[in-house]
Amino acid sequence: MKIFSGEQIYEADRFTIEKQGITSDALMERAAMQIFNWLHLRMQGAPVKIHLFCGIGNNGGDGIALARHLQEHGYHIAVYVVNYSQARSKDFLINLERLKDRKIWPEFLDSDKHFPEIGREDIVVDAIFGIGLNRPPAPWVVNLMQHLHRSEAFILSVDVPSGLYTNKGIENPDAVVKANFVLSFQAPKLVFFLPETGVYSNQWEILDIGLDQEYLMQTENEYDLIGKNEVLPLYKPREKFAHKGSYGHSLIIGGSRGKIGAVHLAARGCLRVGSGLVTTYVPKCGLTPLQSNLPEAMVINDSDEYYISKIEFDITPKAIAIGVGLGKEKTTIRAFTNFLKANDLPLVVDADALNILSENKTLLKLLPKESVLTPHPKELERLIGTWKDDFEKLKKAKAFSKKYDCVLVIKGAHTITIYEGRGYINSTGNPGMATAGSGDVLTGIITGLIAQGYPSLNAAVFGVYLHGRAGDIAIEETGYQALIASAIADTVGKAYIDLFKMPEVTQQEEPQDETAK
Ligand SMILES: NC(=O)C1=CN([C@@H]2O[C@H](COP(=O)(O)OP(=O)(O)OC[C@H]3O[C@@H](n4cnc5c(N)ncnc54)[C@H](OP(=O)(O)O)[C@@H]3O)[C@@H](O)[C@H]2O)[C@@H](O)CC1
Ligand SMILES: Nc1ncnc2c1ncn2[C@@H]1O[C@H](COP(=O)(O)OP(=O)(O)O)[C@@H](O)[C@H]1O
Ligand SMILES: [K+]
């Protein structure tokens, strides 16, 4: 699903209004109607008090129009205009008049002297600022936001949590509404997925307000949200007459004393994703545990007992993973450097191999084209330096990916894969996956996909999706806390099967055809 910038949404607005020959307030009416329907379906007329806090722009206009619909359906409402500016938008004013015509008189707030009382069981609609925020809110508006939070009422934000910019980070964490739910128009917003801003949108849903499909299809976007629909076209089916050689030989290089498990987990993910053959390359101490616990994987031993000291093998893998459990012994750094100088096979680089690259940046030039790098946030910082906010992080990540022609997989709650100036935001996964070794499993999965012939970018995007989906399916049995990395690997099969499951359709009563009786 495409994610658009603020400017693109405004442009889509203009385009739609012109092409469909409608007024801008008709579009606002659609938006308000959609929110009303959403709420009405869930509340069914319940006598809960709904407090609507409306700014003076179009976000506020949506709130004011929503208030009218709620009132018309008998809901118990209180409307407040958060009067932070005199520059009221045209459609806000139109809707304010419509409200007054129905004898609803909003309370105007313009200082923190008299904030209304809000009960814990009430509902707050936050329509203070939308995507038009362009400077910090006034201190009294910040106090109002805190007042909303203190009430502990359920907060439903219209379009975005008020106080979030669409194109830059947060200046003051108190100046953003923490929404329990966000109803966003037409397309998800990038801020829902970034770690600093995503925490303000606990849950979100998209409401289709009928913006022009042609515009939406043709407009080039920088970020995509990756779900089942996006990965299905990447999937490569298995051929009837295939043999294990058809699906690639993966080599996983890593491990050190006490960290052989990381290689086991990567190899397990690699096998489960379908790599035809998997060989691990580990120090001698890894031989017995690997052979006893993961008989499907082959083992090549380094000459050193505890650390990788020389990377030499006589197989020709289709893809190589390097770094899991590797450590940073001097001898290992030397071995890794010599390996990079000689290697031209596709690489997935993780963990300590990334840290070695960060400390020896000249080595980055030795990476084969389209190598996949899978840093978690700390490893990313070591690679690209610090950032002032998530937007700068993405900018730096794109520059880095371009400079070294690599696919950068920024791991997190919503892992973002960066390549050729574009970002692919993953939609699967859960907090149960914040567990030791889950990143190692991902490394193995991506490597196994490359070995099967997936191009690096597709392997990264698809691999991240499958890994997250496996985690989501696995927690149905384990819950968040008890999920462990090997279970993620072992559930990859179910994640594949799930790709081809149709979404469950709720049974709807067919309208009776009288003539058929
Ligand atoms: N296609 C869609 O998705 C549709 C979207 N719709 C809705 O429109 C919303 C966007 O509306 P919007 O452009 O009027 O901006 P909004 O966020 O209401 O801000 C109001 C104005 O306040 C100002 N301002 C900014 N910061 C400020 C500050 N700190 N303190 C004081 N003032 C500040 C700034 O104006 P300025 O003063 O800079 O001229 C700004 O313009 C969108 O989120 C959605 O809810 C639907 O109605 C229809 C279809
Ligand atoms: N809250 C979360 N939601 C979804 N996925 C998560 C979450 N926390 C971690 N993950 C995923 O788990 C993996 C953790 O990787 P990493 O930090 O390298 O762990 P390790 O080094 O222990 O293997 C990443 O793929 C990340 O995206
Ligand atoms: K809002």
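**Annotated binding site, ligand shell and domain layout**

In the unreviewed UniProt entry, the annotation "binding site" covers Asn-59, Asp-126 and Ser-162. These residues span 104 residues in sequence, yet no two of their C-alpha atoms are more than 9.2 Å apart, so they gather at one spot. UniProt positions are given here in the numbering of this model, with feature names shortened, and the annotations may be inferred rather than shown by experiment. The structure is a predicted model, in which local features need pLDDT of at least 70 and side-chain atom pairs count only at pLDDT 80 or more, whereas totals for chains, interfaces and linings use all residues. Residues are numbered from 1 along each chain as its sequence is written, while chains are lettered from A and ligands numbered from 1 in the order in which they are written.

Asp-126 is placed in strand β5, residues 123–127, where strands (E, at least two residues) and helices (H or I, at least four) are DSSP runs numbered from the N terminus. Asn-59 also belongs to the surroundings of ligand 1, being listed with Gly-57, Asn-58, Gly-130 and Gly-132 as the closest of 32 surrounding residues; a residue is counted when its C-beta atom, placed from the backbone, lies within 6 Å of the molecule. Helices α1 (6–20), α2 (24–43) and α3 (58–72) each supply at least two residues of this shell, and the largest share, 5 residues, comes from α3. By class, the shell holds 16 nonpolar, 12 polar and 4 charged residues, with Ala, Val, Leu, Ile, Met, Phe, Trp, Tyr, Cys and Pro taken as nonpolar, Asp, Glu, Lys and Arg as charged, and the others, Gly among them, as polar.

The chain is divided into domain 1 (2–220) and domain 2 (231–235 + 246–499), with bounds from an automatic or database domain assignment. The domain centres, taken over C-alpha atoms, are separated by 41 Å. To the contact between them, domain 1 gives 9 residues and domain 2 gives 8 residues, two residues being in contact if their C-beta atoms, placed from the backbone, lie within 7 Å. The unreviewed UniProt entry annotates residues 9–217 as "domain: YjeF N-terminal", and over these residues the chain is 39% helix and 17% strand.
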